[in-house]
Each structure stands twice: as structure tokens, then as C-alpha cells.
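Please look over the sequence and the structure, then read the notes by topic.

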Amino acid sequence: MPTLNQLAQTLQETAYLHRLCLSLYTEPTLASHHGGTSRHGSVRLTQQEQWLNTRDHMAEQWQRIETIAAELSWRGQTQDGDPARYIATRLTWAEHHYPYMHDLQETAQEVHNYFQTLARENDSVTEHLCPMCGKAQLHYRERDQQFYCTECDGTWTASQLQALRHYRIVSAGQWITIKEATAQYGIPQQTIYTWIRRHKLERNTQGQINTAQFEQLC
């Protein structure tokens, strides 16, 4: 069960994600194509229909937050600003007086996850593995031009990522495996083998490549 501070953080993030998704899913300005049917007979949705469906789902999820915010209003006081942020300010009171605190926690997390997933659908997956955890491929967010890892939640600009990769390569010593080089820089192994065949890149008896030479080629 999350602490009040963790729950407040989730609500603050949800407020941001909601605004972000509203900006991402603005009404299409281009004329929609006819939906038609697929070769399997299923009906294709037009761009306008997809937008309407997404906006309806977003509204349904946000209504859950607005309902809780209304329930936490003290003596009908007017809610100031974003309802998710308002809930975050009422958590201490809710912990002692709100009879559905468990439902509040579950709803907050579910709505947060929904908008987080929706926002990430607009991001692209790169060929680079995370330089910190090495467990997942980095995603790229066009809206703020940042790379992020879905496993460790690390976030970097392009210049920060380049500096971190350089540090990881240098820290590995004089030699690094081809797999590690590919993971850190996203350069296909086929390209690295081509450099080796053309004697641009030295390889030791263990099959590792020279980090200094690799850095220059990158």
C-alpha cells in the first residue's frame, strides 16, 4: 500500500499526464479518410472516429478523479484548479475521515496507469538499451526531445545520453564486447564487423573491440 506522499506524487503525475494527453489528442485538422472495411471484413475506424473514441475514454477516466474530488470537498467548498491536485491536498484528511480510502488509492493508480500508457503510445522505441540498467530499449519522446527507460525510469536529453554512453564505454577499460558496444550505441553488429574486416577496428583474442577506436568511429 502506498504512503500518502507516494499517493500524492501519483496524483500530481496524473494531473500532468492528463494535460499532456489532452494536447496529444487534439481534434484532427486534416480531413479524415473513409473507414471502409479490412480484408477480414472488420470495419476500419476513421481518424475522426479514433480520436472521438480516445477522447471519450479519457473523459471517462478523468470523471473518476473528478468524482473523488467532489466527495472530498468539505461542506461543498469550491475545488480550486485541477481535481487530481486537489485530491492530493486532501489526503491527510481523507486518511482519517474518508470511508473509501482504499478505493481512492486503487482509482488513482488505475487512472495514472491509463494516461501514462496513452502518453507512451505516441513515443518511439529506439535501438539503444538503457545505459543505466541495460534491461530495456530506450524510448524517445518527441514532445520534449528526451529519451527514457521504462524499467528504471531514467530520463536523458540527447547530450546527456551521449555523455553517459561515453562514460560507460571508457569505464569498461580498453576493450569492450561487440554486444556491449551495440547495446550502448545502437550500432548494428553487422556494421561493427564491417569495420573490423576493413581494419578500422581492432579486435583482441577474446573477441573484444578497442574502445578508443570505437569511440572515434562513432
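**Helix H8 and what follows**

The buried residues of H8 are covered by elements that include helix H7 (178–185), S6 and helix H9 (211–217). Those buried residues of H8 are Ile192, Thr194, Trp195 and Ile196. The model is a predicted one. Its chain holds 9 helices and 6 strands.

- H8 is followed by His199, which has a positive phi, near 65°.
- That positive value occurs in a residue other than glycine.
- His199 sits in the loop that runs between helix H8 (189–197) and strand S6 (209–210).
- His199 has a relative accessible area of 73%, which is over 50%, so His199 counts as exposed.

**The chain as a whole**

- The chain has 218 residues, and 39% of them count as buried.
- Take the contacts in the chain between residues at least 6 apart in sequence: 46% of these join residues at least 24 apart.

**Nonpolar cores**

- In soluble globular proteins, nonpolar side chains tend to be buried together.
- The largest nonpolar core has 29 residues, of which Leu7, Leu11, Leu72, Ile87, Leu91, Leu104 and Phe115 touch the most other members.
- At least two residues of this core come from each of H1, helix H2 (47–71), helix H3 (83–89), helix H4 (91–97) and H5.
- Another core lies apart from the largest one; it has 11 residues, among them Ile176, Ile178, Ile187 and Trp195.
- Trp195 is also one of the buried residues of H8.
- Which residues does Leu11 touch, not counting those up to four places away in sequence? They are Ala84, Ile87, Ala88, Leu91 and Ala108.

- Thr54 belongs to helix H2.
- With a relative accessibility of 16%, Thr54 falls under 20% and therefore counts as buried.
- Thr54 is in contact with Tyr25, Tyr114 and Leu118, once its neighbours within four places in sequence are left aside.
- Glu106 is placed in helix H5.
- Leu7, as noted, is among the core residues that touch the most other members.

**The largest pocket**

- Rolling a probe the size of a water molecule over the atoms shows where empty space is left.
- The largest pocket holds about 390 Å³ of space.
- It is lined by 18 residues, and the closest to its centre are Tyr16, Leu17, Gln116, Arg120 and Arg141.
- Helix H1 (4–24) and helix H5 (101–120) are the elements that give two or more residues to this lining.
- By residue class, the lining of the largest pocket has 6 nonpolar, 5 polar and 7 charged residues.

**Cysteines**

- A disulfide is a covalent bond between the sulfur atoms of two cysteines.
- How many disulfides are counted in the model? The count comes to 0 disulfides, on the rule that the sulfur atoms must lie within 2.5 Å.
- Cys21 has 0% relative accessibility, so Cys21 counts as buried.
- Cys149 is likewise counted as buried, because its relative accessibility is 0%.

Notes
Residues are numbered from 1 along each chain as its sequence is written. This is a predicted model: local features need pLDDT of at least 70, side-chain atom pairs count only at pLDDT 80 or more; totals for chains, interfaces and linings use all residues. Side-chain values use heavy atoms; hydrogens and water are left out. On a 1 Å grid over the protein atoms alone, a cavity is a set of points where a 1.4 Å probe fits but cannot get out, and a pocket is an open set with protein on both sides within 12 Å along at least five of seven lines; lining residues have an atom within 4 Å of a point. Grid points are joined across faces, edges and corners, and a volume is the space filled by probe spheres set on the points. Helices (H or I, at least four residues) and strands (E, at least two) are DSSP runs, numbered from the N terminus. Ala, Val, Leu, Ile, Met, Phe, Trp, Tyr, Cys and Pro count as nonpolar, Asp, Glu, Lys and Arg as charged, and the others, Gly among them, as polar. Buried means under 20% relative accessible area, exposed over 50%, partly exposed in between (1.4 Å probe, protein chains only). A nonpolar core is a set of buried Ala, Val, Leu, Ile, Met, Phe, Trp, Tyr and Cys residues joined through side-chain atoms within 4.5 Å. Contact means heavy atoms within 4.5 Å.
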